[in-house]
Amino acid sequence: CISDSKVLQLFRGIRSQMTNLIDGLDDAQLRAMQLGLGHGLSRYKLKFSPDKVDTMIVQAINLLDELDKEINTYAMRVREWYGWHFPEMAKLVNDNEQYARVVLKMGLRSEARGMDFSDILPEDVEASMKDAAIVSMGTD
């Protein structure tokens, strides 16, 4: 197989005279054929795979599942550790995010009475939690 400048010139000449060389081939068909050939070559060169999009979606879903698992693990750990100090709060505050925000804001349960948790908890839960903090059986 010879590939040099003379062969390239020959191919250019054939390409430019394609409609004259093949009967019934008009310019519109030639352009469509060239476009199809260009797309085919591009796909081949890029090794295009429609499965790649699916793979990214599957990986994103797996990542979300892993993050959800990690968040739940950390939330359980916060509940376990803070439960030694204020075990009654686990029954009063069910949402993990609210629980973590209350722990962050309150610190020690002795501080609960004078704090305002209205931005985190509903009014009735806040009152119950403050009452439970006074009589808590947790360690200091």
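**Figure 1. Surface and overall dimensions of the predicted model.** The accessible surface of the protein amounts to about 11200 Å², and carbon and sulfur atoms contribute 60% of this area (Shrake-Rupley method, 1.4 Å probe; for residues, only the protein chains shown count as cover). This is a predicted model, in which local features need pLDDT of at least 70 and side-chain atom pairs count only at pLDDT 80 or more, whereas totals for chains, interfaces and linings use all residues. Residues are numbered from 1 along each chain as its sequence is written, and side-chain values use heavy atoms, with hydrogens and water left out. The C-alpha trace spans about 100 × 30 × 20 Å along its principal axes. The radius of gyration is 35 Å, whereas a compact globule of 140 residues would have a value near 14 Å (taken over C-alpha atoms; the globule rule is 2.2 Å times the number of residues to the power 0.38). Of the 140 residues, 20% are buried (buried means under 20% relative accessible area, exposed over 50%, and partly exposed in between, with a 1.4 Å probe and protein chains only).

**Figure 2. Helix α1 and the helical pattern.** The protein contains seven helices and zero strands (DSSP runs numbered from the N terminus: helices are H or I with at least four residues, strands are E with at least two). Helix α1 comprises residues 5–16 and reaches 16 Å from its first C-alpha to its last, close to the 16 Å expected at 1.5 Å a residue (the expected span is 1.5 Å times one less than the number of residues). Among the twelve residues of α1, the count of buried residues is zero, and the helix is hardly covered.

**Figure 3. The largest nonpolar core.** This core has 16 residues, and those with the most contacts inside it are Phe86, Met89, Val102, Met106, Phe117, Leu121 and Met129 (a nonpolar core is a set of buried Ala, Val, Leu, Ile, Met, Phe, Trp, Tyr and Cys residues joined through side-chain atoms within 4.5 Å). Helices α6 (96–106) and α7 (123–134) each supply at least two of the core residues. Leaving aside neighbours within four places in sequence, Phe117 is in contact with Val102, Lys105, Met106, Ala112, Glu126, Met129 and Lys130 (contact means heavy atoms within 4.5 Å).

Figure 4. Glu126 is placed in α7 and is buried, at 8% relative accessible area. The side chain of Glu126 reaches the backbone nitrogen of Ser118 at 3.5 Å. Lys130 also has its place in α7 and counts as buried, because its relative accessibility is 13%. Not counting residues up to four places away in sequence, Lys130 touches Ala112, Arg113, Met115, Asp116 and Phe117.

Figure 5. Asp119 lies in the loop between α6 and α7 and is exposed, at 58% relative accessibility. A polar contact of 3.2 Å joins the side chains of Asp119 and Lys105 (a polar contact is a pair of N or O atoms within 3.5 Å; within protein, one must be able to donate a hydrogen and the other to accept it, and residues adjacent in sequence count only if both atoms are side-chain atoms). Val93 is found in the loop between α5 (89–92) and α6 and is buried, with a relative accessible area of 1%. Outside the four neighbouring places in sequence, Val93 touches Arg79, Gln98, Tyr99, Leu121 and Val125.
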